[in-house]
Amino acid sequence: MFNFFKKREDNLVKDSNSTKINYEDAVDIANYFESLTGVSFDLNTSILKNKLTTFCRHHNLYSFEELMQRSKNDGLIRQDLINALTTNETYFYREFSQIKELLSVITSSKKSSVKILCAPCATGEEPYSIVIAILEKFPSMNVHIVGIDINTEALKKAKKASYTFRHVNKLPTQLLEKYFTSQKETYELKDDIKDKVTLKQANIFDDSFKDLGKFDYVFSRNMLIYFEQETKLKAKKILESMRIDNTTDVFLGHADLFE
Ligand SMILES: C[S@@+](CC[C@H](N)C(=O)[O-])C[C@H]1O[C@@H](n2cnc3c(N)ncnc32)[C@H](O)[C@@H]1O
């Protein structure tokens, strides 16, 4: 018993105003974040704790408990927390074999118009890659993509569509030259590609997600990897419900595959 209290006391750090700061127990906030977004954290590592501690210091919050209460009552803090804790890594022509698969499915369908959902789109590279690949193969195709993500900062970057070499280096040079204008250190995507993608903030678990309507094809890559098995199954069902044709598979990333 004594040791327990001693340990708790060690974890309470006093700041210069003698206010007690407790950044120790991340279990409750991790559960809260998972109920909000589906994203689950491994509490055996210090990754979440480090991110939360930085976040709390930045927002002058003295404990994870205080953060959780504020986040429940304040939509701005909640969104900041979502932006801080979600991982938005992506790049052009990532998992290109899947886009090839889409091209072959479109060929067999003989469609002249396609509406695609990309959930999540992060900073935009995936929906823009799909548009480029479709137009390369079917120049007169009427293509429209809705890209959604829960992270508003990622979506701002997607709307700007200004990328560094790290994000475009998998694109063949001829496509880079055709679809981008290059500035000093950035590659700006041309408007005719940007115009084919509508970007929206959405959480796939919110009821309003379904208001986006139905799509010929649904892409959802590298989001389910952050979810526990039960949540993956729930997410997969929701994504499947967004298809016009129930016989087409949702395009998942190879790492999203179920255990
Ligand atoms: C690693 S990125 C995947 C980007 C892109 N699909 C790709 O494969 O390159 C994962 C994205 O999932 C988003 N995300 C996580 N949970 C979400 C949810 N419940 N609803 C919508 N987006 C979510 C994150 O904000 C993040 O941008």
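Which of the 23 residues around the ligand come nearest? They are Thr90, Arg94, Glu126, Asp149 and Asn222. A residue counts as near if one of its heavy atoms lies within 4 Å of the molecule.

## Basis of the model

This is a predicted model, where local features need pLDDT of at least 70 and side-chain atom pairs count only at pLDDT 80 or more, while totals for chains, interfaces and linings use all residues. Residues are numbered from 1 along each chain as its sequence is written, and side-chain values use heavy atoms, with hydrogens and water left out.

## The ligand shell

The shell around the ligand holds 10 nonpolar, 8 polar and 5 charged residues. Here Asp, Glu, Lys and Arg are charged; Ala, Val, Leu, Ile, Met, Phe, Trp, Tyr, Cys and Pro are nonpolar; the others, Gly among them, are polar.

## Contacts with the ligand

Polar contacts are pairs of N or O atoms within 3.5 Å. The side chain of asparagine 88 places an N or O atom 2.8 Å from an oxygen atom of the ligand. The side chain of arginine 94 also has an N or O atom 2.8 Å from a ligand oxygen atom. Asparagine 203 has a polar side-chain atom 3.0 Å from a nitrogen atom of the ligand. Taken alone, the ligand exposes 610 Å², and the protein buries 99% of that. These areas come from the Shrake-Rupley method with a 1.4 Å probe.

## Salt bridges

The whole structure has 8 salt bridges. Each is a side-chain nitrogen of Lys or Arg within 4 Å of a carboxyl oxygen of Asp or Glu. Glutamate 89 pairs with arginine 166 in this way, with the closest N and O atoms 3.7 Å apart. Glutamate 89 lies in the loop between helix H5 (75-85) and helix H6 (96-109), and arginine 166 in helix H9 (residues 165-168), so the pair ties together parts 77 residues apart in sequence. Helices (H or I, at least four residues) and strands (E, at least two) are DSSP runs, numbered from the N terminus.

## Backbone details

The peptide bond from alanine 119 to proline 120 is cis, with omega near 15 degrees. Proline 120 sits in the loop between strand E3 (113-118) and helix H7 (125-137).

Notes: A polar contact is a pair of N or O atoms within 3.5 Å; within protein, one must be able to donate a hydrogen and the other to accept it, and residues adjacent in sequence count only if both atoms are side-chain atoms.
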